[in-house]
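Please keep the sequence and the structure at hand while reading.

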Amino acid sequence: MMRIHRRGRKSLAAVTVLAAAIALAGCGSGGGSGKDDKSVTIWSSVDPPVQAGLSKVLTDKAKAEGITIKWQKVENINQLIMQKIQANDTPDIAFIPQPGVVGDIVKRGKAFPLDGVVDKAALETSMVPGTLEAGTVNNKLYGLLVSMNVKSLVLYPKKPWAKAGYTAPDSIDALNTLTDKIKADGNTPWCMGIESDTATGWPATDWFEDLVMRYGGPDGYRDWVSHKVKFDSDVVREAAAEFEKLMFTEGNVLGGRKAIASTNFGTAGNPMFDAKPGCWMYKQGSFITGFFPKQIVADLDANVGLFGFPPAQAGGENPVLGGGDLATMLDDSASTKKVMTMLAEADIGNDAAATSSFISPHKDFDATKYPNDLTRQVAKVAYDSTEFLFDGSDQMPGEVGAGTFWKDITAWISGQEDLDTALKNIDDSWPAS
Amino acid sequence: VWDAQSRIPGDLVPGVLVPTARRPGKEGVTDMKLLSALLTVVAGIGAALLLYWLLNKLAELMPSKWEERIKPFFYILPAYLAIALYLIYPALQTIVASFQDATSDTFIGLENYTNLLSNHGFQQTLFNTLLWILIVPAATVVLGLGVAVLSDRLKSGGEKLTKTIIFMPMAISAVGAATVWRFVYAAQPEGQPQIGILNAVVTKLGGSPVAWLQQSDFHLNSIMLMIVLLWAQVGFAMVLLSAAIKGVPADTLEAARIDGAAERQIFFQVVVPQIKGTIITVFITVTIAVMKIFDIVYVMTNGNFNTNVLGNEFYNQLNTNFNNGAAAAIVVMLMIAVLPVMVYQVRHFKDEEAAA
């Protein structure tokens, strides 16, 4: 039998009041825009300087039309947007870094097609080949690439490089020869690091993607990305063999094979700028310059050189790997559509280009806006490519592209798994539907 | 993609499948949202007060004999409803979801369970979790007890200092502790300056840097992760056990000494039996925490190099794979595993209360 003293009853009541209050407070309402209120909300996870530059130009353009832009920086939009769709609390436009997520949004019926909103025919000629395909789902354009980064790049320390007389290779064979030559000179050819907190492994997937698109061609690459071609296949094994040759061979990588999974991708390239370079080449995306030491960043053109990752055969097909942010429309009001057309204009990047790592996906973008020659070189690698191919792991289902592809390749590199097991695990993790 | 480093969730409760949309995110909260949140809180408290006032009035309408009888139930009712709504309902929903596909649309029977249990990676995850359960609670109790006993013998200043230092990591969140220890274990390529203290020592002594978190032989890396939890939790065990030891009546110790018992005998045959209740409480509390362990593994390795545990696998199934079914199945397995421990704990508490 329960007996409650007077004081006990009071405090019990207080506790239950509080519990009920918390319970009720949990039922706060989520916002959502249905009607056209001449204000457009944008969410993105792009780097703050890129966002600031894009936002400035867009706000000016929109003001002329009487539209207010509310641009919010959010963390990890890929996850957030799916959660917010479930909660029915979405922005008007979301910048999605992964084509696969654009596909997921379309699957849930929340995205509106851009055909008829933007001038697709004009964009087809002005944009880098392949960029529109990246945002296309079921033959309709849903994601418009606004900013991009280029990943098929090899960076090197410019001054020592020139002194040693090395030259950019024009084929993968020439890259192997160059690697051997640097080693023969008593140096360590490659910097390599794939550690990236909870996302460890992604830099290795970039290597695989670059090699697969070169050995298999863009179509072979797309078949691999959509799992028509398995990981346990000749083309992936050819890529793995080349990766193994460059990265696992004794003396090829600073710190050796065992250091790859424990070295952070952001700092892996820094030994290039030691008085005597600790390593001589670092394959990484265009954003990596932001991670370099301060005194290097202060004068990139004097310190850093780069070449595009070479094609399989000299003069042959030369696709380029990259990523970027796909503007996706989650609202179909007139204001939102108007803002989408503004985002499709090349000059939207005029401000961002000067002050950030922004690369415009428009070939007719005014290259003088880029802050230095290095960035112009990065843009040139993309504009000269035969096809821009979106990061493959980003397009694979999350289980693979942000799961086993990272984890099992990491396990292979660090020696927990052999290649056969790793490839099989990745294939097995591919979801059935 | 390079910016895909995941947001670290503030609170993960593997006990129930938390509706992800309700989880507070870091996304910018505008003034409007803040205002609306404040208003909901005020309205919520107001409504709750009103509810209780009404229930109270209702009870007062009854004959006074009935009023006293029914009031406690009226007061407890909303709390029961809240538990039903926020604990029992999600738990049931999770069980249902564990028999459904990734998007919780169609029933697929036991497929989530069979897929998981037949997967070699998941078997390793289970084994690693088991290792945590076997090692960490026992080690916490032993270390906590050791510190409590030894510091008990110091002068009071020394005791305070020792206890404060050992207790301090308790003030750090698991995520913070994991971040700190990532630096302890950090490895740079040979020839580069070592920022991790372990490798700084190793290289100073002339060795090559070791990538500690990749040393999966004999699960060394898992054990290195466990050390982080021990570091963070021994203080908790120490405080409870120290209080219990101080509560052991001095006359029992004196009686033992007069009877000629050695210190070791006194400890194991006089002290330990009298603080058994506290030892069990500490052991069970740590066991339950370890079964749900997530943050340390997520931050330090995200399960790479064969260090995965159930809590981390659950998080990745839900937030990387968007697989509600598999995530729910993991939670259900965890619930089933935790249940007997909980039942034992509740019984143990009841026995303690009855004995007291």
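A residue is called buried when its relative accessible area is under 20%, and exposed when that area is over 50%. The model discussed here is a predicted one. With that cut-off in mind, Ser152(A) counts as buried, because its relative accessibility is 1%.

**Ser152(A) and its surroundings**

- Ser152(A) is placed in the loop of chain A that runs between strand 6 (143-150) and strand 7 (153-157).
- The side chain of Ser152(A) is joined to the side chain of Asp210(A) by a polar contact of 2.6 Å.
- When neighbours within four places in sequence are left aside, the residues in contact with Ser152(A) include Asp210(A), Arg214(A) and Lys283(A), together with Phe307(A), Gly308(A) and Phe309(A).
- Val320(A), Leu321(A) and Val381(A) are also among the contacts of Ser152(A).

**Aromatic pairs**

- Over all chains, a search of the whole structure finds 34 aromatic pairs.
- One of these is the tilted pair of Phe208(A) and Phe243(A), whose rings are 5.6 Å apart centre to centre, with 40° between the planes.
- Because Phe208(A) belongs to helix 9 (residues 202-225) and Phe243(A) to helix 10 (residues 234-248) of chain A, this pair ties together parts that are 35 residues apart in sequence.
- Phe208(A) is buried, with a relative accessible area of 0%, and Phe243(A) likewise counts as buried at 0% relative accessibility.
- In chain B, the rings of Phe294(B) and Tyr315(B) form a tilted pair, since their planes stand at 45° and their centres lie 5.1 Å apart.
- Phe294(B) lies in the loop between helix 11 (276-291) and helix 12 (295-300) of chain B, whereas Tyr315(B) lies in helix 13 (residues 310-319) of chain B, so the pair ties together parts that are 21 residues apart in sequence.
- Phe294(B) is buried at a relative accessible area of 4%, and Tyr315(B) counts as buried at 3% relative accessibility.

**An aromatic cluster and the charges over its rings**

- Phe208(A) and Phe243(A) belong to one aromatic cluster, whose members also include Trp190(A), Trp207(A), Tyr221(A), Trp224(A), Phe248(A) and Phe309(A).
- Phe309(A), a member of this cluster, is also in contact with Ser152(A).
- Over the ring of Phe248(A) sits the charged end of Arg257(A), 3.9 Å from the ring centre.
- Lys283(A), which is in contact with Ser152(A), lies over the face of Trp207(A) at 5.7 Å from the ring centre.

Definitions and conventions: Residues are numbered from 1 along each chain as its sequence is written. Chains are lettered from A and ligands numbered from 1 in the order in which they are written. This is a predicted model: local features need pLDDT of at least 70, side-chain atom pairs count only at pLDDT 80 or more; totals for chains, interfaces and linings use all residues. Side-chain values use heavy atoms; hydrogens and water are left out. Helices (H or I, at least four residues) and strands (E, at least two) are DSSP runs, numbered from the N terminus. Buried means under 20% relative accessible area, exposed over 50%, partly exposed in between (1.4 Å probe, protein chains only). A polar contact is a pair of N or O atoms within 3.5 Å; within protein, one must be able to donate a hydrogen and the other to accept it, and residues adjacent in sequence count only if both atoms are side-chain atoms. Contact means heavy atoms within 4.5 Å. Rings of Phe, Tyr and Trp (its six-membered ring) pair if their centres lie within 6.5 Å; planes under 30 degrees apart count as stacked, over 60 as edge-to-face and the rest as tilted. A charge sits over a ring if NZ of Lys or CZ of Arg is within 6 Å of the ring centre and within 35 degrees of the ring normal.
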